[in-house]
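I opened my notebook to look around a new structure, one stop at a time. Here is what I looked up, in the order I went.

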Amino acid sequence: MQKPLGTVISTDDSPTTLKYAFVLDEGSPVKKGQFIQTTSEEGIVFGYVSEITRANRYFERAESVAEYERENPISTHFPIKSWEYAIAEVRVLGRMEKRGEHYFQSRVSLPPSPGTKVIEADETLLKDFVGFVPNGLMLGKLQNHEVEAKIDMTRLFQKHLAILAMSGAGKSHLASVMLEELLDRPKEHGRVATVIIDIHGEYSGFKQDPTYGRKIRVINGKDITIPFRRLNSRMLSSWFSVPPAGQNELNKLLREMRTQEKNERQLFSVNDLIKRVETSSISKNIKDALMRPLYELRSINLITQSKENPKLRQQVLPGEMLVLDLSDLDDMRKKKVIVSYIADRLFRLRAKNEIPPTFFLVEEAHNFAPEKAKAAHNPSKSIIEKIAREGRKFGLALGVVSQRPVNLSTTTLSQCNTHILLRVTNPNDLKHIEESAEGIDSRMARSITSLKVGEGIIVGEAVRYPIFVEIRDRKSRKIEKGRPLHEQAIAYESEAKKSDEEQDEELEAFL
Ligand SMILES: Nc1ncnc2c1ncn2[C@@H]1O[C@H](COP(=O)(O)OP(=O)(O)OP(=O)(O)O)[C@@H](O)[C@H]1O
Ligand SMILES: [Mg+2]
């Protein structure tokens, strides 16, 4: 049975069909942000505690309080405790009707009567209201309730997901929790493949994990290679802005070389391509224009004669995870080219159904799909935006993680129909989030600044109502990149000291 919490009261402007207030029973554990229910002639009226006020007659008049407190505290004269009471204000969310095993929401046309009892929210009703499902991804606990937040995978991913928060708020932690859920998911529930662009090498720890390790493949950035036969002028132009006049010529040459590869079993490199351009009959202007992108292509050292790594067709598998750990690469341009290539391949392979439905998670997404940058300077921007716009048709779900939402492409962000927001304090970022996340009001946006590490708000497609969630602990092994500063400082000084001592010893031995 659900606990009684209080009684609906009559105020100047409530109860109405939109809001009411109730006075809390003594010791009643009601909290701001809690879901509660009461009844009207229509049935269950479901609501949300939007604020709590406390009052006490004895403290209403400032001058008498001041007067008493000058001599002795009021509590020594009067039974003040027994005059304290609390009032909860409730936003009415809907009428909930039970049909079969589940509850369905409909509109409220009658307010609850003053005097009606308010009780705790029924667990099944609460889950149905928010849209939690038994085989959903368990990300944590619904705040103020003992209810697991099990988010429907399809609703979470189908129309893309953005995880936004300031640095250190727990984005990667949350992403890892989500990945554990995907890896744990049984076949019967429908498993997706996961591909991660891991910028800081945070996800490679999964490989060492005894439970998850066998489902993980980690590929280091410097080992990523693209075979020459995959090159085409469309790709090259998106990476290095090949002038339009050169694209046709380049395409012709590449096609020629591919045919030769096939028929004569010859292998080519970027150098061979450069030579062909040099010796071809293309006009000098175009030739010159083509050289810059070709030299750039050569300098990032990514194209090989035939070696392909990763082999997406074989390595993107249901219920498994492919981590592209780019933390060993310094060259930002190379990282962008890699992300562009992988995203493009995933899109194409998925469109042809050659890989399973896939969740493509991009960390530091503002670097790969920045708001302010022409596509030419940002090899990966247009393809990420394309996945954001069209990926859903093909079962390719995008997950973007960013600590700089302001710098993240608005096209991408607006296509992410679910936002998970952790702590954010920068006013520009907050404003941007408020504008781009549907269903987030200014009241909620304000509470984003007071979230603690590990607390988040989920809004959008994945839930029927914005909720606060306490993200659960990780089950998998975590690798810390970088020790805490004080430990590094101690290690540094003790090493320095040792070498001083060693020097002294050496000197003594010499003398
Ligand atoms: N729900 C949680 N429970 C326990 N610890 C957490 C939780 N969320 C985050 N942490 C811890 O807080 C720290 C910062 O988290 P995390 O690395 O995920 O932040 P981030 O938002 O990804 O930061 P950055 O922007 O720097 O990548 C980590 O040590 C992490 O383990
Ligand atoms: Mg992170």
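My entries below go from the ligand to the cores, then to one helix and a few single residues.

**Entry 1: the ligand**

I kept in mind from the start that this is a predicted model. I began with ligand 1, which has 15 residues around it; Ser-167, Gly-168, Lys-171, Ser-172 and His-173 come nearest. Next I looked at polar contacts. I found a polar side-chain atom of Lys-171 at 2.7 Å from an oxygen atom of ligand 1. Ser-172 also has a polar side-chain atom by a ligand oxygen, at 2.8 Å. With His-173 the backbone takes part: one of its polar backbone atoms is 2.8 Å from an oxygen of ligand 1. I then checked how covered the ligand is: alone it exposes 620 Å², and the protein buries 72% of that.

I also asked which element gives the largest share of the shell around ligand 1. It is helix 4 (residues 171–184), with 3 residues. By type, I noted 4 nonpolar, 7 polar and 4 charged residues in this shell.

**Entry 2: the cores**

I turned to the nonpolar cores. The largest one holds 128 residues, and Phe-35, Phe-157, Met-178, Leu-236, Trp-239 and Phe-360 have the most contacts inside it. Helix 10 (residues 332–351) supplies the largest share of this core, 9 residues. I found a second, separate core of 15 residues, with Leu-24, Ala-86, Val-90 and Val-92 among them.

Is Gln-37 buried or exposed? I placed Gln-37 in strand 3 (residues 35–40). Its relative accessibility is 6%, so Gln-37 counts as buried, the cut-off being under 20%. A polar atom of its side chain lies 2.9 Å from the backbone nitrogen of Asp-122. Setting aside residues up to four places away in sequence, I listed what Gln-37 touches, including Gln-2, Phe-46, Asp-122 and Leu-125.

Within helix 2 (residues 123–130), I marked Leu-125, Leu-126, Asp-128, Phe-129 and Val-130 as buried. The buried residues of helix 2 pack against several strands, among them strand 3, strand 4 (43–56) and strand 8 (132–142). Just after the helix, Gly-131 has a positive phi of about 95°.

I found Ser-10 in the loop between strand 1 (4–9) and strand 2 (19–24). Its relative accessible area is 56%, so Ser-10 is exposed, which takes a value over 50%. Beyond its neighbours within four places in sequence, Ser-10 is in contact with Pro-15 and Pro-114. Pro-15 sits in the loop between strand 1 and strand 2, and a cis peptide bond joins Ser-14 to Pro-15, with omega about 5°. I noted another cis bond from Asn-309 to Pro-310, where omega is near 0°.

Last, I looked at two backbone angles. Asn-144 is not a glycine, but its phi is positive, near 70°. I located Asn-144 in the loop between strand 8 and strand 9 (148–151), and Asn-144 is partly exposed, at 27% relative accessible area. Glu-364 has a positive phi of about 50° and is not a glycine either. I found Glu-364 in the loop between strand 16 (358–362) and helix 11 (365–368), and Glu-364 is buried, at 10%.

Terms used: Residues numbered from 1 in each chain as written. Chains lettered and ligands numbered in written order. Predicted model: local features only at pLDDT ≥ 70, side-chain atom pairs only at ≥ 80, totals over all residues. Heavy atoms only, no water. Near = heavy atom within 4 Å. Polar contact = N/O pair within 3.5 Å; in protein donor to acceptor, adjacent residues only side chain to side chain. Areas by Shrake-Rupley, 256 points an atom, 1.4 Å probe, with all protein chains shown as cover. Helix = DSSP H or I, 4+ residues; strand = E, 2+ residues; numbered from the N terminus. Nonpolar A, V, L, I, M, F, W, Y, C, P; charged D, E, K, R; others polar. Buried < 20%, exposed > 50% of the residue type's maximum accessible area, 1.4 Å probe, protein only. Contact = heavy atoms within 4.5 Å. Core = buried A, V, L, I, M, F, W, Y, C linked by side-chain atoms within 4.5 Å.
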